Amino acid sequence: MQRELCQANFRPLLEPFDSRICNSQVVSVCGVWSDLSIAYLSPGWLNFAAANGGEPDVSARWPLGENLLSGIEGPLAKFFEQGYRKCLSEERLWVHVYECSSADQFRLFQMTSYPLPRREGLLIVHSLRVERPQHHDQLNSSVHTDYADEQNIVHQCSYCRRVRRREAAVWDWVREYIDAAPPGISHTICESCFGYYAPRLEAGQEFPPLRFLYSEPNALASGGSTPVSRSYSSPVP
Ligand SMILES: [Zn+2]
């Protein structure tokens, strides 16, 4: 069991976010100040590093206070720097899809970067992206059992469109549910999207249409170094 690492003065920025995100041993979350220095690492983040052979090296290399981009060089560093800066300055969510395969498993992840109130920092949430090359009629026997509840209902966040796992407060982005909504679907808001909106609602703002930056894993390979901007009305298409 890992324990989170958090700078005391960063803690208030996490308050709008449900403790299930930050206490989860599964959800990988990192918090940074606006200068991209690391202020928070969730237990799930540390577990992921350990499970992928990164610990104790990762914690030693990226301790609290270290710049998140230290040790990353060249176009990749520029790409992330631009993405995080844009996310902060324009107050947009940044969704970045990336490959992080293990020795025996091809895996895609989705990083969603949420600007924190007053642009003081970012909360960076990593989610599994489930994209299986299957026909839709196979969905019921495979992916569906991981996400549908006892009443055969799938709970999807209207904002980021991730769906909640049956067994835990963990939200994954599942291709099949985007391509075709299952018959029993319930729209809700996930803990991280709620945490993003809560301070804005308290300040009297309405739920604005979600505006975010988006980049695919091939963004760098194709020569693009800046995330693409998109604005969506909710629910996100
Ligand atoms: Zn969401």
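This is a predicted model: local features need pLDDT of at least 70, side-chain atom pairs count only at pLDDT 80 or more; totals for chains, interfaces and linings use all residues.
**Exercise 1. Find which residues of helix α3 are buried, and what they pack against.**

Solution. Helix α3 covers residues 43–51, and its buried residues are P43, G44, W45, L46 and A49. These buried residues pack against β1 (5–6), α2 (19–23), β2 (28–33), β3 (38–41) and α4 (57–61). A51 also lies in α3, but with a relative accessible area of 66% A51 is exposed, as the cut-off for exposed is over 50%. From A51 to S102 the C-alpha to C-alpha distance is 9.9 Å, although the two are 51 residues apart in sequence. After the helix comes G53, which has a positive phi, near 75°.

**Exercise 2. Describe the largest pocket by its volume and its lining.**

Solution. Begin with the volume, which is about 1200 Å³ for the largest pocket. The pocket is lined by 50 residues, of which W45, F48, Y98, C100 and H126 are the closest to its centre. Next, ask which element gives the largest share of this lining: it is α3, with 6 residues. Sorted by class, the lining consists of 31 nonpolar, 11 polar and 8 charged residues.

**Exercise 3. Identify the donors of the zinc ion, name the geometry of the site, and explain which parts of the chain C157 and C190 tie together.**

Solution. The protein donors are the SG atoms of C157, C160, C190 and C193, which lie 2.3 Å from the zinc ion. The angles among the 4 donor atoms run from 102 to 113°; four donors count as tetrahedral if all angles lie between 85 and 135 degrees, and the site is therefore tetrahedral. Along the chain, the donors follow the spacing C-x2-C-x29-C-x2-C. Because C157 lies in strand β7 (residues 154–157) and C190 in the loop between β10 (185–188) and α8 (191–202), this pair ties together parts that are 33 residues apart in sequence. Both C157 and C190 are buried.

Technical notes
Residues are numbered from 1 along each chain as its sequence is written. Side-chain values use heavy atoms; hydrogens and water are left out. Donors are N, O and S atoms within 2.8 Å of the metal (3.2 Å for Na, K and Ca); water is not among the atoms, so sites may look incomplete. Four donors count as tetrahedral if all angles lie between 85 and 135 degrees; four count as square planar and six as octahedral if opposite donors are over 155 degrees apart and all others between 65 and 115; anything else is irregular. Helices (H or I, at least four residues) and strands (E, at least two) are DSSP runs, numbered from the N terminus. Buried means under 20% relative accessible area, exposed over 50%, partly exposed in between (1.4 Å probe, protein chains only). Contact means heavy atoms within 4.5 Å. On a 1 Å grid over the protein atoms alone, a cavity is a set of points where a 1.4 Å probe fits but cannot get out, and a pocket is an open set with protein on both sides within 12 Å along at least five of seven lines; lining residues have an atom within 4 Å of a point. Grid points are joined across faces, edges and corners, and a volume is the space filled by probe spheres set on the points. Ala, Val, Leu, Ile, Met, Phe, Trp, Tyr, Cys and Pro count as nonpolar, Asp, Glu, Lys and Arg as charged, and the others, Gly among them, as polar.
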